[in-house]
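This note sets out some points for reading the structure shown below. Please keep the sequence and the model side by side while going through them.

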Amino acid sequence: MPIINGLDRHQLTFSSLEATISTDNDVRFIDAFIDKLDLQQLGVHSLTSSDKKKEGRSSFSDSLFLKLYLYAYLNGIRSSRKLEREAIRNIELQWLLQGLHPNYHSIADFRKINAKALQNLFKLFVSFLKDAGLVGGKVIAVDGTKIRGNNSKKNNYNPKKIQRHLDYIEQKSKTLLEEFEQTDTSENEAISLGDVQEKLARLQQHKIKYEALQDQLAQSQEPQVSTTDPDARALLVRGVVVEVGYNVQAAVDQEHKLVVATHTINRNDKNALYAISKEAKDNIEAKELTVLADKGYHTGKELQACQEAAIDTIVARQELVNSNTKGTQPDYMVQHFVYDETSDAYTCPAGQTLRTTGRLHRKKRDNDVSYQFKKYRTGACQSCAVQHLCTGRYDGRREIERSEYAAYVEKNKENYESNPALYRQRQEINEHIFGTIKRQWNLYYTNLRGLKKVNGEVALIMLVYNMKRVRNILGFDNLMEKLHQWTPKYPGGTIFIQKRHHLLPCKPFNISEEKICA
């Protein structure tokens, strides 16, 4: 068979970079999108802003680094050293960067100092999607996924782990001294005094380290500490599997499954609903919104904050499991007690009325959840014929606790039960996004340290996800046309960065709800 021969490597050819890039290549959209922006209003910090770098040769433009990073994450490249090599050998990057190739140090530094600008860039692209008519703005689905941080499990400590190390050091020191004494008595030179002193000195250094960590935990009142990345936390992934890292939150619009809000936290989903829902509402400038979420987000305080911000909640309620053969039976669970708001009293399944003295009690589950509640009782329990089915208390009395968030939990329950078809769409709307990012793009970890930097990287990941999806929806030519017609509206105010403490506006106290729903 004849062989297909290639070009002669010594043959001189003439062509331009423009001729090598197809008219529908993604780099053309990246180039047009960044060129349309005012980087100063976007909040981009230039590498030349420091006095140290103001002298010397001319610097690369900030738009070059933004284009480089959009291309990089769009093609699954996150290493600054790999990006330096790609800028030299990749024909698409040669076109996009006009033949320039910055060094890896500058590439890495730009991402480090522009976490806030990258979040602004994501918000601005959401604004573009809204103006392009791709955001329904009525229903969003919220979910989170855990990503590994740049901190190993062995460098994450809690009080129990620290105490285990201290106990081991104490026991090891004691054993060394006993072995030395036995050796000294038997005149056996297998263990010298110098060896024992060296080992004891090392153990003492380790002891000082763990005692310092112990003091740090006591002062910060945090349940754990990470020594490599101070913001990373040990988070439960599934079952008993724990990873040290972050929890990526995303709000996805129902219309075209586009991400309209995202940020990263270092705790579980329990207190995350309001922040991500409010961010989504602000990003798409919606007057009212409906949010779908799984039972991990069901917290009375969060439901209250959402509903008071014109965000209807449809959040699955956690299953009640406090019935047993010797205690409360299913027909006498708290949801079968009817509350009357006018009289502030409950009616039990047997027809008796449970009243309250009005005294407020406070319950604190952990550092993130605490609430006030009232207790409701009746003296009729002692002579009730179904007492053995209703309660297993030693005194034979039934007690109902109603927290301050009950009205909001009951409203959410009503929404959930009246919209089963809508709630079933939750998984279809948002869960595939995390599957794409983590399985197909291999973005299940971060090399950056610190919550602020990780937030910037996650915003960049969600931005390129939206870019890929919107191209599939509109097609390249239609996408470019909408971009040319678009006028950027730059986000104002501060960028959301949420750390350990979750702050909500102070609300007037309103007694309501059962304890199991708070």
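1. The model is predicted.

2. Thr353 belongs to strand β11, which covers residues 353-356. Beyond its neighbours within four places in sequence, Thr353 is in contact with Ala345, Tyr346, Thr347, Arg377 and Thr378. As for Tyr339, this residue is 14 residues from Thr353 in sequence, and the C-alpha atoms of the two are 9.6 Å apart in space.

3. A further point concerns two helices. Helix α4 (residues 62-74) packs with helix α7 (residues 104-113) at an angle of about 90°, and their axes are 10 Å apart. The two helices are therefore roughly perpendicular. On the side of α4, the contact is made by Asp62, Phe65, Leu66, Leu68, Tyr69 and Tyr73; α7 contributes Ser106, Ile107, Ala108, Phe110 and Arg111. Of the residues in this contact of α4 with α7, eight are nonpolar, one is polar and two are charged.

4. Which confidence values should accompany the model? The mean pLDDT of the protein is 87, and 89% of its residues reach 70 or more.

5. Residues 493-518 call for a separate remark, as pLDDT stays under 50 over them. Where pLDDT is low, predicted coordinates should not be read in detail.

Note on methods:
Residues are numbered from 1 along each chain as its sequence is written. This is a predicted model: local features need pLDDT of at least 70, side-chain atom pairs count only at pLDDT 80 or more; totals for chains, interfaces and linings use all residues. Side-chain values use heavy atoms; hydrogens and water are left out. Helices (H or I, at least four residues) and strands (E, at least two) are DSSP runs, numbered from the N terminus. Contact means heavy atoms within 4.5 Å. Axes are lines fitted to C-alpha atoms, for helices over the stretch in contact, and angles run from 0 to 180 degrees between N-to-C directions. Angles under 35 degrees count as roughly parallel, over 145 as roughly antiparallel, 65 to 115 as roughly perpendicular and the rest as oblique. Ala, Val, Leu, Ile, Met, Phe, Trp, Tyr, Cys and Pro count as nonpolar, Asp, Glu, Lys and Arg as charged, and the others, Gly among them, as polar. pLDDT is the predictor's confidence in each residue, from 0 to 100.
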